[in-house]
Every structure is written in C-alpha cells, then in structure tokens.
Amino acid sequence: MAKEEYVSRMLVMLIMIMPLAARGSRLYSWANRLEETGKEKVTNLQFYFHDTLSGKNPTAVKVAQGTDTDKSPTLFGAVFMVDDALTETADPKSKLVGRAQGLYGSSCKEEVGLIMAMSFCFEDGPYKDSTISMIGKNSAMNPIREMPIVGGTGMFRMARGYAIAKTNWFDPKTGDAIVGYNVTVVH
C-alpha cells in the first residue's frame, strides 16, 4: 500500500509541476544562446588622428562650456564635437583610412584631462564600414596614454581592447594636434 501511495503522490506532483516548468521556459523565449566557438581574433591597428580646431575648416568645434571655463588653465568644462580624419601616417595628406567621430570634454581641473567618447569609423580596406568605440580618460599632456575600447560594429562586433595614444605633433597656440593611435582589439 505504501508503494502505491508514493507513486500516486509523485504523479500528482508531476501534474502540478509540468505547467509551471512549461511556463518558466516561455519566460525566457526572448534569449538564445549563440554558438561558442572560441575563435576570437586579435587585430592591431595603427593610424593617426588629425584634430584641427583652427582655420576655415575645423574638424573639432566647441559646442558648450562652463561659466568659468575661460578662467581655467585646463579649459575645464569645455565640450567639443569632432569629425577628425584618420590617416595611415602622420602626414595629413597620407591615405585616409577613416574618421574619428564623437566628442571630448575637459573633465579635469588640475591637468589637461579629457573624457573621450569616440567611434573610429573605417572607410577603407578590410574594415570598411566597421567601427570601434573608445570611451575613457585621456591625460592629454602625458607622452603616452591608454584608453579602453568598449565595443564595435561590422568586423569589430563585440570588440574589446585598448588604445595607446601618443602625440606626434601639437600646436599650443591653436590646439591643433596629430596623435598616433595603436589599437589592439579582441573581436
């Protein structure tokens, strides 16, 4: 008799649990696990960023500033929108490989420190129409800076990595600069 009672209870429990289990699986119908291949690529890119604030055709323009920005030696509070050329070499006339589009703002009172949010948008070669997204602090007066790569599109979908920036040329009168970027991306 105990065995029959045990089997009956188990059947009743299964009958009660089945609809709950089915409902639970429907709750997660929006999520699908993709194939995990383990075939990530590592790509290294070297290009030059041409930031031009002066002249008739600037590629970086101030769009906002704080009330005391003009009194600040670091331009604290100034925000710039950019659409800078990315070239193969430091020569502005060298081959255009893409554009750096986004913004940077002076975020430090004690040093020239920029918070940068940029997309490196490639227009040539195997990475044409792909982008890499960089966001982070750029201690602009340091000879070498490192910033995180936090995403990408196209060939760089799901990208992560880092960018090493080194100023190649800077004009303190105008603020114009040419900066070399060496970017390592896992994608």
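1. **Overall picture.** Please keep in mind that this is a predicted model. The chain contains one helix and nine strands, and along the sequence they follow the pattern α-β-β-β-β-β-β-β-β-β. Of the 187 residues in the chain, 34% are buried. Among contacts between residues at least 6 apart in sequence, 46% join residues at least 24 apart. The accessible surface is about 12400 Å², and 60% of that belongs to carbon and sulfur atoms.

2. **Strand E5 and its partners.** A hairpin of six residues joins E4 to E5, and Ser 106 stands opposite Leu 114 in E5. E5 and E6 also run antiparallel, joined by nine bridges; here Ala 117 has Ile 135 in E6 as its bridge partner. How much of E5 is buried? Seven of its 10 residues are, so the strand is largely enclosed by the rest of the structure.

3. Thr 43 lies in strand E1, which covers residues 42-51. Is Thr 43 buried or exposed? Thr 43 counts as buried because its relative accessible area is 10%, and the cut-off for buried is under 20%. Its side chain makes a polar contact of 2.6 Å with the side chain of His 187. Neighbours within four places in sequence aside, Thr 43 touches Tyr 127, Phe 156, Val 183, Thr 184, Val 185 and His 187. I would look at this group together with the next point.

4. **Met 155 in its loop.** Met 155 sits in the loop between strand E7 (144-153) and strand E8 (160-170). Which residues does Met 155 contact, leaving aside its neighbours within four places in sequence? They are Pro 126, Tyr 127, Ser 130 and His 187. Pro 126 is 29 residues from Met 155 in sequence, with 8.5 Å between their C-alpha atoms. With a relative accessibility of 43%, Met 155 is partly exposed.

5. Val 61, Val 63, Met 81 and Leu 103 make a nonpolar surface patch of about 300 Å². Why does Leu 103 count as partly exposed? The reason is its relative accessible area of 33%, because partly exposed covers the range between the 20% limit for buried and the 50% limit for exposed.

6. Side chains of opposite charge can pair when their charged atoms come close. The count for this model is five salt bridges. In one of them, the closest N and O atoms of Asp 124 and Lys 95 are 2.8 Å apart. Asp 124 lies in the loop between strand E5 (113-122) and strand E6 (131-139), and Lys 95 in the loop between strand E3 (79-87) and E4, so this pair ties together parts that are 29 residues apart in sequence. Both residues are partly exposed: Asp 124 has a relative accessible area of 31% and Lys 95 has 42%.

7. **Lys 137 and Glu 111.** Another salt bridge joins the side chains of Lys 137 and Glu 111, at 2.7 Å from N to O. This pair links distant parts of the chain, with Lys 137 in strand E6 and Glu 111 in the loop between E4 and E5, 26 residues apart. Lys 137 is partly exposed at 42% relative accessible area, and Glu 111 is partly exposed at 30%.

8. **Lys 71 and Asp 68.** The side chains of Lys 71 and Asp 68 also form a salt bridge, with 3.7 Å from N to O. Are these residues exposed or partly exposed? Lys 71 is exposed, with a relative accessible area of 71%, whereas Asp 68 is partly exposed at 47%.

Notes:
Residues are numbered from 1 along each chain as its sequence is written. This is a predicted model: local features need pLDDT of at least 70, side-chain atom pairs count only at pLDDT 80 or more; totals for chains, interfaces and linings use all residues. Side-chain values use heavy atoms; hydrogens and water are left out. Helices (H or I, at least four residues) and strands (E, at least two) are DSSP runs, numbered from the N terminus. Buried means under 20% relative accessible area, exposed over 50%, partly exposed in between (1.4 Å probe, protein chains only). Contact means heavy atoms within 4.5 Å. A polar contact is a pair of N or O atoms within 3.5 Å; within protein, one must be able to donate a hydrogen and the other to accept it, and residues adjacent in sequence count only if both atoms are side-chain atoms. Patches are made of residues with over 30% relative accessible area and no salt bridge: like charges are joined within 9 Å, nonpolar side chains (Val, Leu, Ile, Met, Phe, Trp, Tyr) within 5 Å. Accessible areas come from the Shrake-Rupley method with a 1.4 Å probe; for residues, only the protein chains shown count as cover. A salt bridge is a side-chain nitrogen of Lys or Arg within 4 Å of a carboxyl oxygen of Asp or Glu. Two strands pair if DSSP finds at least two bridges between them.
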